[in-house]
Amino acid sequence: MTDQDKSAPDQAAEPQEKSGIRRKDLLKAALVAAPLPLLVGSAAPVLARDQAASGVELTPTPEACDPGDPPTRQQTEGPYFKPNSPQRTSLVEPGTPGTRLTVSGYVFGLTCQPIPNALLDFWQADVNGAYDNSGYRFRGHQYSDAQGRFSLQTIVPGLYPGRTRHIHVKVQAPNNPILTTQLYFPNEPRNNTDTIFHPSLLMTVRDVAGGKEGTFDFVLNVRQNPDPPDPPGGTWTSGTSYRPGDTVTYGDVTYRCLQAHTASPGWEPPNVPALWQAA
Ligand SMILES: [Fe+2]
């Protein structure tokens, strides 16, 4: 491949996306510069990677899913995707040059429940910024495990003209549409000039023994079990002591207490005719 062929190839196909940057993206950008000690009050699930094997609490990663978050942003697949990649979790072969990189994380749906058995198909440039278009070097697919986790062993991809450092990926929950996107590295000078780059797609990257470790959680546009419906309104209140003859309303129906008791969940009037009778 000539340099000319490689000139900004992904850029040509990238649709111009105009939506604004979310607060969370700014937080993420800030976190990669200076990690916060704790995300106080976060609804994010506690993920296994936040706790080292020693039991020492690590800094929570900023990607963790919050219900109501929009799905992970889509990006162009660029010109170098090839179907039928081998199934493997390591793209590193003996003697492969480059800084070792592990990319791991979770696949979530819209309500942040993990998605098992999601297909993740990765492809990237080699250490010199070249894609293997005749074979399958630095291409591979895998499936998230029962907890929605994935882990990829690879190298830090090289740069090529017109783009910042990135890894391509397609993620698909069973029987759902494909998300095509790209993952980025913090503190890359070209992040500021690559028009495809988006901060919501930054991995959290740490230096570890023998290389680097990146984490990213995908949120797929997949509906999951909705929240349970609100309980019907009424004056019945759990924890209240009721005496015979007391009346309450529950779901627009009035009930009269038959036996003295203290109300508790599961003992709502419609469920316990021994305690409540419709008035
Ligand atoms: Fe690319």
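Visitor: What should I know about the numbering and the cut-offs?
Guide: Residues count from 1 along each chain as its sequence is written. The model is predicted, and local features need pLDDT of at least 70, side-chain atom pairs count only at pLDDT 80 or more, and totals for chains, interfaces and linings use all residues.

Visitor: What is the order of the open sheet of four strands?
Guide: The order is β3-β2-β5-β6, with antiparallel pairing. Strands here are DSSP runs (E, at least two residues), numbered from the N terminus, and two strands pair if DSSP finds at least two bridges between them.

Visitor: Which strands stand at the edges, and why is one side of each left without a neighbour?
Guide: They are β3 (139-143) and β6 (178-184); each has a single partner strand, so one side of each has no neighbour in the sheet. From one strand to the next, the twist averages 20°, where axes are lines fitted to C-alpha atoms and angles run from 0 to 180 degrees between N-to-C directions.

Visitor: How many bridges join β2 to β3?
Guide: Five bridges join β2 (residues 119-123) to β3, and the two run antiparallel. Leu119 stands opposite Tyr143 in β3.

Visitor: Turning to the hairpin of β7 and β8, which residue takes a positive phi?
Guide: Gly210 does, near 85°, in a hairpin with two residues between the strands. Strands β7 (residues 204-208) and β8 (residues 211-215) pair in the antiparallel sense over five bridges; the partner of Arg206 in β8 is Glu213.

Visitor: And what joins β12 to β14?
Guide: Three bridges join β12 (residues 253-257) to β14, antiparallel. The bridge partner of Cys257 in β14 is Trp276.
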